[in-house]
Amino acid sequence: MSGPLLLAIESSCDETGIALIQDGRCILSNVVASQVALHAPSGGIVPEVAARAHLRWIVPTLDEAWAGAGVSWDDVDGVAVTYGPGLAGSLLVGINFAKALAWVHDKPLIGVNHLEGHVYAAWLVDPGEDEATKPQPEFPLVALVVSGGHTFLAEMRDHLTYRLLGATVDDAAGEAFDKVGRLLGLGYPGGPAIQKAAEGAVRRDVVFPRAWMGDSYDFSFSGLKTAARRIIAEARAEEGVPADDPAATLSAATTAELAWGFQESVVDVLATKAARAATAIGARSIVLGGGVAANSVLRERLRHEAETMGLPLIVPRPGLCTDNGAMIGAAGARRFLAGERAGLDLDARPSLPLATR
Ligand code: KG4
Ligand code: ZN
């Protein structure tokens, strides 16, 4: 194997991820310590709790990453770490850990934008997968990144260059999934729970609104969330479920139907706009990333749109769509090869943008 070997660290939100990545593509190891169970009782991420959990899990995560990789510090060319966007306290744990490792082992430090990581997950190759035959995204491409904190469409004409085509003007799609999941009593995180509930929908005719935002590539999900609240309240009244008792839930059949309707609305808008953008810029491929890209209905719908246009859709397996260290190693390698190095004064940038319009 050739190309740089990076130790990559991700701690921007509620997953502690550490990976060893060769050449920005090959995963030697990729370990994620999830805090989902920790945040489930509060129905959302508590930043203070998240930062402490990163501190607790980052060393065991590193130990496990080494254990499966078959390489040592001597082989490592640099340490890549997410420095934004994300929760300041969470980011600082990963950044300071990365700095200490880079300094002690005398390796260069590379700062990585978390959103760039979600895009570059498309280049990753799992152990046992054939790097030569796995399709790589071709430029120009349209990248749709949909996560718990971000939803945007960007054009890439080459590596590391982004033109923002559109972004959410209010909630991120993942945030809407999480909120509606809570309204339906499906627990946290709402995305996977809504997908699972929707699979059981028998009647598939409920229609949730879509915010098309004119001809723009922008998104808006707050109106959908409000509509969902109204539709769910009406369904509860119809089924005689007390409005003031959150523990009392709708019947499984109605929950499934509403989960399906909501998911259809989000997927329709995301896939339609991504396809339109791909046509408009003359894309040669479409890349899908971010936690919501783990959604099987979104993946299938966009695959169908891409096929219709004769374009390849590159979407990582679900475990590489949600936050992980491997994607930071993939993006970090490109930055490393471009000669970028961060100093030991690297600081957390909670609102770091990927690109401006
Ligand atoms: O990218 P990510 O792991 O963290 C952020 O950077 O935000 O994304 C987390 C988001 C959550 O909102 C979660 O509900 C959503 O991704 N998500 C899903 C699915 N799996 C995770 N949304 C819809 N369907 C899924 N299967
Ligand atoms: Zn993310």
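A charge is taken to sit over a ring if NZ of Lys or CZ of Arg is within 6 Å of the ring centre and within 35 degrees of the ring normal. The legends below describe close-up views of a predicted model.

**View 1. Arginine side chains over aromatic rings.** Arg-56 is placed over the face of Trp-57, with a distance of 4.3 Å from the ring centre. A further case involves Arg-341, whose charged end lies over the ring of Phe-336 at 4.1 Å from the centre of that ring.

**View 2. The edge-to-face pair of Phe-208 and Phe-262.** The count of aromatic pairs in the model comes to six. One of them joins Phe-208 and Phe-262, with 6.4 Å centre to centre and 80 degrees between the planes, an edge-to-face arrangement. The pair links distant parts of the chain, its two residues being 54 residues apart. Phe-208 belongs to the loop between helix H6 (190-199) and helix H7 (222-239), whereas Phe-262 is part of helix H8 (residues 252-281). Both Phe-208 and Phe-262 are buried.

**View 3. The stacked pair of Phe-219 and Phe-221.** The ring centres of Phe-219 and Phe-221 are 6.2 Å apart and the planes meet at 10 degrees, so this pair is classed as stacked. Phe-219 has a relative accessibility of 0% and therefore counts as buried. Phe-221 is also buried, because its relative accessible area is 2%.

**View 4. An aromatic cluster.** Three residues, Tyr-120, Trp-123 and Phe-139, make up one aromatic cluster.

**View 5. A nonpolar patch on the surface.** The patch is formed by Leu-38, Val-46 and Val-49, which together have about 210 Å² of accessible area. Val-46 is located in the loop between helix H1 (36-39) and helix H2 (47-69). With a relative accessible area of 33%, Val-46 is partly exposed, because that class lies between the buried limit of under 20% and the exposed limit of over 50%.

**View 6. Ser-11 and its contact with Gly-94.** Ser-11 occupies the loop between strand S1 (5-10) and strand S2 (15-22). Its relative accessibility is 1%, so Ser-11 counts as buried. The side chain of Ser-11 comes to 3.2 Å from the backbone nitrogen of Gly-94.

Methods. Residues numbered from 1 in each chain as written. Chains lettered and ligands numbered in written order. Predicted model: local features only at pLDDT ≥ 70, side-chain atom pairs only at ≥ 80, totals over all residues. Heavy atoms only, no water. Patch = residues over 30% accessible without salt bridge, like charges linked within 9 Å, V, L, I, M, F, W, Y side chains within 5 Å. Areas by Shrake-Rupley, 256 points an atom, 1.4 Å probe, with all protein chains shown as cover. Salt bridge = Lys/Arg side-chain N within 4 Å of Asp/Glu carboxyl O. Helix = DSSP H or I, 4+ residues; strand = E, 2+ residues; numbered from the N terminus. Buried < 20%, exposed > 50% of the residue type's maximum accessible area, 1.4 Å probe, protein only. Phe/Tyr/Trp six-rings, centres within 6.5 Å; stacked < 30°, edge-to-face > 60°. Polar contact = N/O pair within 3.5 Å; in protein donor to acceptor, adjacent residues only side chain to side chain.
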